[in-house]
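Subject: Structure handover

Hello,

The structure is below, followed by my notes on it.

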Amino acid sequence: MQLASAAASGIALGAIYALVAAGLNLIFGVVKIINFAQGAMLTVALYGVYLLDTHLGINPYLTLPVVVVAMGALGYVVHIGLIDRVLGKERASQLLITFGLAMALKNACLAVFGADHLSVTVAFGSRVVDLGGVRVTVASLIALGGAALTMAFLYGFLHRTRAGTAIRAVAQQPDSARLAGINARQMYALAFAIGTALAGVAAVLMSPIYAIEPDIGDAFGVMAFIVVILGGLGSVFGAAATALLIGVAQSVFATMINVQMSTAFVFLVFIVLMIVRPNGLFGRTTRVA
Amino acid sequence: MAARRAGTFRRRFGVALGAAALAAGSLAGCGQSGTGGGTPEIRIGLLFPTTGGMASLGTDQSNGVKLVLEWANAHGGVSGTKIKIFEGDSQSNPGVAATVAQRMIDQNQVQVIVGSYASGIAQAIAPVAQRNRVVLWEVGAVAPTVAQAGDRYFVRTVGASTTYAAADLDFLDGFLAAKLGKPIDQIRVAIAHEDGPFGTSVGQALVAQGKAKNLNVVAQEAYPETSADLTPVVLRLKATNPDVLLISPLVASTPLFWQAARTQNFNVKAIIGSAGFSSSTFVKKFGAKGVEGVYDVEPPAVAHMNSANLTADAKQLLDELRTQFTSTFGHDCLVHCGDGLGGGYILVKDVLPRAVAAGAVTGDSIRAAAAKTDIAAGGTPQGFGAKFSDSGENERARSVIMQWQNGALVVVYPKELAMADPVYPMPTWDQR
């Protein structure tokens with residue numbers, strides 16, 4: 001039962017990793033930019049949930065449409081105002097501009113909200129569901145279901161809509177897509193906006209579980225990079241499966257062997273896999289979906 | 001007419017310039033040689049993490065010290081000498097802490113740095129202070145390894161982590177053993193702690209002191225404070241079926257641990273936490289019912305400490321400033337604010353007057369003055385006394401046991417500082 005509980009907790013953790021990684025993955029897969037600001041975007045979105053919950057009394061889960069649209073708009077503005085200007089430039093400029101953006105967003109949150117650990121509470125979220133002896137919170141189950149729906153939505157959008165098809169075309173063959181009349185710059189902006197909006201989805205679903213503070217995006221941002229790289233850059237389902245695998249491996253290792261070494265274990269596996277399978281666990285690189 | 005006005009302006013400008021030059025000379029002298037010979041102020045740097053991950057409690061501690069220093073100025077200063085306060089932010093980062101400490105010494109010519117909230121931060125400041133012969137007046141960090149052996153510019157007013165372990169074992173022996181119906185060596189004790197300097201030092205002190213009492217430690221779990229999920233820690237602890245859990249987390253991991261304990265239905269007869277378990281975030285997140293009965297070991301949460309047994313001076317300051325803290329900052333003066341009040345009080349009421357009387361306020365005169373401190377129990381706002389060893393440790397510092405009762409963190413042990421009796425057993429998760 002201890003092993004099953006550890007695995008269940010790992011799946012719940014993996015769902016959170018998958019949600020955070022999804023936006024990062026889309027942005028990398030399409031815009032080809034390593035977005036160090038994704039963790040900070042998550043932080044901003046979490047504070048957005050907090051504001052709507054505490055000042056307007058909106059249930060954190062019901063803030064989803066507002067937070068997603070606001071984050072999408074923020075992502076669009078950031079892309080047009082910053083990212084678009086460095087797309088053709090050297091990789092170091094791109095990295096530094098997203099790193100600078102992350103610092104600016106984090107410190108803006110600190111200045112506005114202070115460093116206190118804030119929280120939102122959903123009464124039913126902390127209720128416990130007993131699944132044959134394996135106990136999980138309702139909030140974790142909602143995060144897991146939300147992650148599955150988000151991946152399905154993302155896949156459907158990319159494969160069943162004209163905009164999604166255009167985004168995939170730009171991701172795979174930007175020059176050919178331009179020749180076919182697709183406005184590549186607009187597709188980049190759209191992908192960045194959706195990627196940032198996905199940070200909003202992650203924020204809403206994880207807000208009842210974690211304390212909100214200016215540094216919260218850091219740890220999840222780093223883990224999202226691991227997930228994206230191991231899952232195969234640009235592969236939506238590859239990243240989601242990898243996120244679940246990492247969550248379960250980390251949790252089971254921590255429970256059965258050693259808690260302190262569990263993060264080191266994940267990074268060690270990451271290094272080994274990067275040597276053995278440089279294209280990621282599922283062998284796909286820089287394709288969208 | 002215009003020429004006369006111009007001449008008047010030149011004369012006034014000349015006088016003002018001369019006065020400014022004299023004032024500048026006076027201040028420069030103060031900076032270089034400290035207070036003495038009638039120089040006008042004592043320069044104190046407050047260096048705490050007021051931004052970053054440690055900011056919520058670090059800010060409380062800084063505000064606690066600042067209230068005392070301002071209180072001293074409002075009451076005539078230290079033997080007539082005013083205190084000038086310089087505030088610095090270590091940004092929860094040891095590297096930044098060392099840089100800011102050096103800047104405070106070079107640019108502000110502070111004669112004492114009061115800090116630091118966290119052991120990792122204090123470890124970075126201590127060598128800077130020592131190198132510059134400036135006292136680090138430590139009111140918050142508890143790891144025994146903060147200062148190098150032989151560092152005579154380090155003075156700590158609060159008890160080291162050994163006092164946490166001593167209070168835990170005293171409470172186990174003096175209260176919980178009887179309630180559990182077992183002698184202390186038969187109580188199944190689990191120890192868990194974050195793996196930074198704070199948690200590790202408390203864990204090590206518990207194991208070391210527990211050996212003398214044949215403590216039956218059934219689990220010892222260290223975990224990173226930044227863990228995204230503490231279910232594994234809870235599952236490992238639960239498997240050992242402890243009667244009592246002694247846990248030392250920081251603020252961030254406490255809600256995650258408590259939620260995981262609730263999810264996994266991990267019940268113990270008593271849990272004694274510290275740090276994160278005494279923060280206002282803890283009760284905000286889980287509500288009064290959710291934290292009811294949880295114990296905490298630390299220096300006292302002075303807002304809910306009985307001040308009747310303190311000396312008149314300590315009681316007056318505590319009663320006034322804990323009320324002022326609540327009205328100014330909107331929450332109670334709990335453990336870390338109390339550390340600031342207590343440490344600041346010993347500095348301005350006991351040590352600095354002797355340093356001023358010695359003729360010059362310098363790192364050496366402050367340290368020499370601290371060596372003569374001899375305050376009996378009840379003589380500081382935290383209820384314990386003060387006497388500093390050669391290594392700068394307050395040999396009379398104590399930690400106490402508090403308990404969350406009806407949403408307030410109340411001192412329950414020892415009796416002389418208690419506001420209420422300890423309640424036993426802790427409610428199970430089904431009863432919350």
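In chain A, 78% of the contacts with a separation of 6 or more are between residues 24 or more positions apart (contact: C-beta atoms, placed from the backbone, within 7 Å). This is a predicted model, in which local features need pLDDT of at least 70 and side-chain atom pairs count only at pLDDT 80 or more, while totals for chains, interfaces and linings use all residues. Residues are numbered from 1 along each chain as its sequence is written, with chains lettered from A and ligands numbered from 1 in the order in which they are written.

Chain A has 11 helices and two strands (DSSP runs numbered from the N terminus: helices H or I, at least four residues; strands E, at least two). Its C-alpha trace spans about 60 × 50 × 35 Å along the principal axes.

The contact between the chains takes 25 residues from chain A and 30 residues from chain B. On the chain A side, helix H1 (2-31), strand S2 (134-137) and helix H10 (236-256) each give two or more residues. H1(A) gives the most, with five residues.

In chain B, helix H8 (residues 253-263) is largely enclosed by the rest of the structure, because 11 of its 11 residues are buried (20 or more other C-beta atoms within 10 Å of a residue's own; exposed is 12 or fewer, partly exposed in between; C-beta atoms placed from the backbone). Among them are Phe257(B), Trp258(B) and Arg262(B). The cover includes S1 (128-131) and S2 of chain A, together with strand S7 (188-194), helix H7 (231-239) and helix H9 (280-291) of chain B. Asn265(B), which follows H8(B), has a positive phi, near 50 degrees.

Regards

Key:
Contact = placed C-beta atoms within 7 Å.
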